[in-house]
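Trainee: I've got a model open and I'd like to learn how to read it. Can you walk me through it?

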Amino acid sequence: MKVTVFGIGYVGLVQAAVLADVGHDVMCVDVDEAKVESLKKGIIPIYEPGLTPIVEANFESGRLKFTTDAKLGVEHAEIQFIAVGTPPDEDGSADLKYVLGVAATIASYMTAPKLVINKSTVPVGTADKVRAAIAAKLSERGESIDFDVASNPEFLKEGAAVTDCMKPDRIVVGSENPASVEKLRELYAPFNRNHDRMIVMDVRSAELTKYAANCMLATKISFMNEIANLAEKLGADIENVRKGIGSDPRIGYHFIYPGCGYGGSCFPKDVQAMVRAADSIDFDAQLLKAVESVNYRQKETLFKKVSAYFDHKLEGKTIALWGLSFKPNTDDMREASSRVLMEALWRVGAKVRAYDPEAMEETQRIYGARDDLSLVGTKESALQDADALVICTEWKSFRAADFAMIKQTLRSPVIFDGRNLYDPETVKKHGLDYYGIGRGLSI
Ligand code: UGA
């Protein structure tokens, strides 16, 4: 089938590449000329395992095309995906200007019926707005052409985006139009071979499903972080508690890892957007507000521990930092806990020596050259001339650490672990102080 995807961000690019990979003829449209030109040369703008080979192979085969020409994109296919960003606007609500802009663009160029599908995470009611935007543009043109708008939210995780898209847990389709559902069933047939993963519902429920999923996951994390903080005050070990509660299948082991707060482009933005959407209809989303504020506090926890350890005298100290990205297997620094930590350290006159397997360029891009930030090539060199080590991201290569070497290199033998990577007894045996999240009494 022919498909057009507007927006070559994480969601759009991965979805387009995966659809092309199973044999569809996909055209990607983006306003960013530099991005389109790079993609044509095989340069992928994001780090995502497994993405480069499928983009390259399908670009070469001609099944995956990139263009800035929206008219070409609209003409290419009946199925038009909208996968552009919905950044938070000033008050935290999802800003729909890009989504509605694409809707108007589709309506300006269409000369035949279209099925427009929202892939972006959009507030409940957006499909109606997209529908209205298309109808308004068509009437401005004096045209009456058939079209439908469906919702098909994306559930991929960064770092596992290709696998998530290739083997989705579920394909949520929001449409009350049987013909549109049929078209989507055909489009997704290659992903549905062994069992039917399609869950068809009304448009508003599909839009809410996406937010509810992310808010539920964020709630699990904030809940665990709250219990971790309590564990610390009560002298319990959250890692024992985690295993103890995860064994109940109603709770489960997934997504109950305490840490230094959730980040990324989705949870912070979506929880906030949900709170704002609730406010706008005079509903006080109490639980979600708490999820958000627990997370703000959690992101400050590493700094508070480091500061307390050094008697709040951090000026002139150098802190080694392992892990900058908001989670492993990505170079994404959006809302990363490492940023909250670094910025707090800089405010009190401390320096940072940081290493990350993928996110160094992105860190450089965000902060530029500054005297209080050194980005170094290995995890070992981050320890040189440093007073303490802090771990912000659980990259696999940090899991086995040479504690004897860490002890020898650091000025003060102490590790602050925002991801609870190590067994406290083992670390302590090497003569290091060790502070995780929710394990051992707080400093
Ligand atoms: C998230 C969802 O997991 C996807 O299902 C969803 O499709 C996506 O948002 C989206 O809306 O596009 P992602 O932002 O890539 O995916 O990252 P996650 O793997 O969910 O991690 C988010 C944050 O939670 C990270 O900072 C991670 O460190 C933290 N986390 C995760 C914890 O602190 N504890 C956990 O147990 C799990």
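**Reading the model piece by piece**

Mentor: Let's begin with the domains: their centres, taken over C-alpha atoms, are separated by 34 Å between domain 1 and domain 2. Keep in mind that this is a predicted model.

Trainee: Where does the chain divide into domain 1 and domain 2?

Mentor: Domain 1 covers 2–201, and domain 2 covers 235–443.

Trainee: What about the ligand? Which residues come nearest to the ligand?

Mentor: With a ligand, start from the shell of residues around it. In this case there are 20 residues in the shell, and Glu158, Tyr257, Tyr262, Gly264 and Cys266 come nearest. By class, the shell has eleven nonpolar, five polar and four charged residues.

Trainee: And which parts of the chain supply the shell around the ligand?

Mentor: Domain 1 and domain 2 each give at least three residues to the shell. Helix H9 (residues 203–234) contributes the largest share, with three residues.

Trainee: Now the sheet. In what order do the six strands sit?

Mentor: For a sheet, read the strand order across it, then the direction of pairing. The order is S11-S10-S9-S12-S13-S14, in an open sheet with parallel pairing. Strand S11 (373–375) and strand S14 (433–435) are the edges, as each pairs on one side only. Neighbouring strands are turned by 20° against each other on average, direction ignored.

Trainee: How many bridges join S10 to S11?

Mentor: Three, with strand S10 (residues 351–355) running parallel to S11. To see one of the pairings, click on Val352: its bridge partner in S11 is Leu373.

Trainee: Which helix packs on the sheet?

Mentor: Helix H13 (residues 301–309) does, touching strand S9 (318–322), strand S12 (388–391), strand S13 (414–417) and S14. The direction of H13 makes about 160° with that of S13.

Trainee: How far apart are Ser61 and Ala20 in sequence and in space?

Mentor: They are 41 residues apart in sequence, and 9.5 Å apart in space, C-alpha to C-alpha.

How values were computed. Residues are numbered from 1 along each chain as its sequence is written. This is a predicted model: local features need pLDDT of at least 70, side-chain atom pairs count only at pLDDT 80 or more; totals for chains, interfaces and linings use all residues. Two strands pair if DSSP finds at least two bridges between them. Helices (H or I, at least four residues) and strands (E, at least two) are DSSP runs, numbered from the N terminus. Axes are lines fitted to C-alpha atoms, for helices over the stretch in contact, and angles run from 0 to 180 degrees between N-to-C directions. Two residues are in contact if their C-beta atoms, placed from the backbone, lie within 7 Å. Domain bounds come from an automatic or database domain assignment. A residue is near a molecule or strand if its C-beta atom, placed from the backbone, lies within 6 Å of it. Ala, Val, Leu, Ile, Met, Phe, Trp, Tyr, Cys and Pro count as nonpolar, Asp, Glu, Lys and Arg as charged, and the others, Gly among them, as polar.
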